[in-house]
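Look at the sequence and the structure below.

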Amino acid sequence: MNEMICPHCDETLRFGENVCIGCKAEIEYGAPRMAYLALVIVSIFLGVQVSRIPVFDFSLLAWFFGMTTFVVGSMCLERFFIERVIFKRP
């Protein structure tokens, strides 16, 4: 996928450009920001839940679990949304 066509003005663009040359639409790649926000919330929630388990009463382990959840989740989001390209007009 080296080239793409803007859905607004039919301009041919190279993959990786941030703005369409023809209509000045912003180009967004990868996972949406709301997916990362949801991942942060889930990671914090899981870290808090792990800290409530009596066996894992050590808070550093809960932080480690939450951060691991975030890192693995980020990698999954990037892999899932690898071909996502959105054109946003101003």
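Predicted model: local features only at pLDDT ≥ 70, side-chain atom pairs only at ≥ 80, totals over all residues.

## Exposure, charges and rings

Leu37 counts as partly exposed because its relative accessibility is 43%. Residues are numbered from 1 along each chain as its sequence is written, and side-chain values use heavy atoms, with hydrogens and water left out.

Leu37 lies in helix 1 (residues 33-51). Helices (H or I, at least four residues) and strands (E, at least two) are DSSP runs, numbered from the N terminus. Together with Met34 and Ile41, Leu37 makes a nonpolar surface patch of about 330 Å². Patches are made of residues with over 30% relative accessible area and no salt bridge; like charges are joined within 9 Å, nonpolar side chains (Val, Leu, Ile, Met, Phe, Trp, Tyr) within 5 Å. The areas come from the Shrake-Rupley method with a 1.4 Å probe, and for residues only the protein chains shown count as cover.

Side chains of opposite charge can pair when their charged atoms come close. A salt bridge is a side-chain nitrogen of Lys or Arg within 4 Å of a carboxyl oxygen of Asp or Glu. By this rule there are 3 salt bridges.

| Salt bridge | Closest N and O atoms |
|---|---|
| Glu17 and Arg14 | 3.5 Å |
| Arg84 and Glu28 | 3.0 Å |
| Glu28 and Lys88 | 2.7 Å |

Glu28 in strand 3 and Lys88 in strand 4 are 60 residues apart, so this pair links distant parts of the chain. Glu28 is buried at 16% relative accessibility, whereas Lys88 is partly exposed at 38%. Through shared partners, salt bridges join Glu28, Arg84 and Lys88 into one network. In the remaining pair, Glu17 is buried at 18% and Arg14 is exposed at 57%.

How many aromatic pairs are there? The count is 2. Phe15 and Tyr29 form an edge-to-face pair, 4.9 Å centre to centre with 70° between the planes. Rings of Phe, Tyr and Trp (its six-membered ring) pair if their centres lie within 6.5 Å; planes under 30 degrees apart count as stacked, over 60 as edge-to-face and the rest as tilted. Phe15 is partly exposed at 37% relative accessibility, and Tyr29 is partly exposed at 25%. The ring centres of Phe80 and Phe81 are 5.0 Å apart and their planes are at 90°, so this pair is edge-to-face. Phe80 is exposed, at 68% relative accessibility.

Notes:
Buried < 20%, exposed > 50% of the residue type's maximum accessible area, 1.4 Å probe, protein only.
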